[in-house]
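Please look over the fold below before reading the briefing, which treats the sheet, the helix packing and the backbone in turn.

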Amino acid sequence: MEGGDSPVRRWEDLGIDVLVKILQSFNLFELTSGPAQVCNAWHLACSDQLLWKTLDLSALKSNFIKIPKKPYVYVDRQSDKTLTRCLKIFLNLSRGNILTLIFHYNLYVKDDQLTYTAERCPRLKRLVMPAWNRIKEAGICRAIRMWEDLESLTMPSIEDPACVMGEIGRSCKHFAELKIMGPCDTLFASTLVEFLPNLKVLSVRCTVLPKPALVIILDGFKKLEVLNISHCLITEGSPPAPEKILTKLDESILEKACRLRKFLTCMSDSCIMCQRIRNDEGLIRWYKYEEDLWKVDEVRSLSV
């Protein structure tokens, strides 16, 4: 330094707090592709827990084709490699601080990828993972056992929910919120009531919901505070009689629901989402619509 010249400060000399503040404006891929490689100080800042409360992987999708047999999808090998590489980079930087983990509904995770993730996210409180096609029952149960702090889950409808719900009931003592992206029949509803009696928030929007399943939910969950059945096809009837789609909820249902803090419904002919679920015959095809529509929920805490 000569005369009155002021000292030149280098980027790596910035305080960690200042660096973290700057890095909060970076998205996930920007954060890991450049700043983390600058120097030790920047790498340390990129690992700060403030940057890793949420790991949002909803920008990643699998390159896949549908097949007629389980797991009903074939995923391109390169897609798997990309996801594995991203998980290693992100989870190593996060240092176990992730509280919320979000996967795209077309991101088909494998058992080994889920286990790797669960081991490195021990503090996880919320999981959004709508696609379980390639995950075995043992794999998801193994992950749940590692997530003792899990409070909220967004999941697909599954054929045999007892094992998974039982594991949540045993391992996750603070579990309170569930969103099912798919049909909820009487078996599913009964299983939820049996294994998750303390559930406070449930969303089964945009799907087929038989009236008997709705009754099981309303009668069985004594501590339920919020129930979202917006844009559902509520069906009534049993074989051999054809199922009837209800156009409104009857008084018996409304009376059961009156104890809830919030009972969210929509069965309007003028509602675009209600029209779409009817056109899709109760199994909404998210790929046909707006890119991020699958993230929406009338319950704010379950929206992405």
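Is arginine 95 buried or exposed? Arginine 95 is exposed, with a relative accessible area of 51%, where buried means under 20%, exposed over 50% and partly exposed in between (1.4 Å probe, protein chains only). This is a predicted model, in which local features need pLDDT of at least 70 and side-chain atom pairs count only at pLDDT 80 or more, while totals for chains, interfaces and linings use all residues. Residues are numbered from 1 along each chain as its sequence is written, and side-chain values use heavy atoms, with hydrogens and water left out.

**Sheet**

- An open sheet is formed by eight strands in the order 1-4-5-6-7-8-10-13, with parallel pairing; helices (H or I, at least four residues) and strands (E, at least two) are DSSP runs numbered from the N terminus, and two strands pair if DSSP finds at least two bridges between them.
- Strand 1 (54-57) and strand 13 (262-264) stand at the edges with a single partner strand each, so one side of each has no neighbour in the sheet.
- Strand 8 (residues 201-203) and strand 10 (residues 226-228) run parallel and are joined by three bridges, and leucine 202 has leucine 227 in strand 10 as its bridge partner.

**Helix packing**

- The axes of helix 7 (residues 162-171) and helix 8 (residues 186-195) come within 9 Å and cross at roughly 20 degrees, the axes being lines fitted to C-alpha atoms over the stretch in contact, with angles from 0 to 180 degrees between N-to-C directions.
- Helix 7 and helix 8 are therefore roughly parallel to each other, a term for angles under 35 degrees.
- In this contact (heavy atoms within 4.5 Å), Ala162, Met165, Gly166 and Gly169 of helix 7 meet Phe188, Thr191, Leu192 and Phe195 of helix 8.
- The axes of helix 8 and helix 9 (residues 211-220) come within 8 Å and cross at roughly 10 degrees, which makes helix 8 roughly parallel to helix 9.
- Helix 8 contributes Thr186, Ala189, Ser190 and Val193 to the contact, and helix 9 contributes Pro212, Ala213, Ile216, Ile217 and Gly220.

**Backbone**

- Most residues other than glycine have a negative phi, and most peptide bonds are trans.
- The peptide bond from lysine 70 to proline 71 is cis, with omega near 10 degrees, and proline 71 is found in the loop between strand 2 (64-66) and strand 3 (73-75).
- Tyrosine 72, which lies in the loop between strand 2 and strand 3, has a positive phi of about 75 degrees although it is not a glycine, and tyrosine 72 counts as partly exposed at 38% relative accessibility.

Technical notes
Angles under 35 degrees count as roughly parallel, over 145 as roughly antiparallel, 65 to 115 as roughly perpendicular and the rest as oblique.
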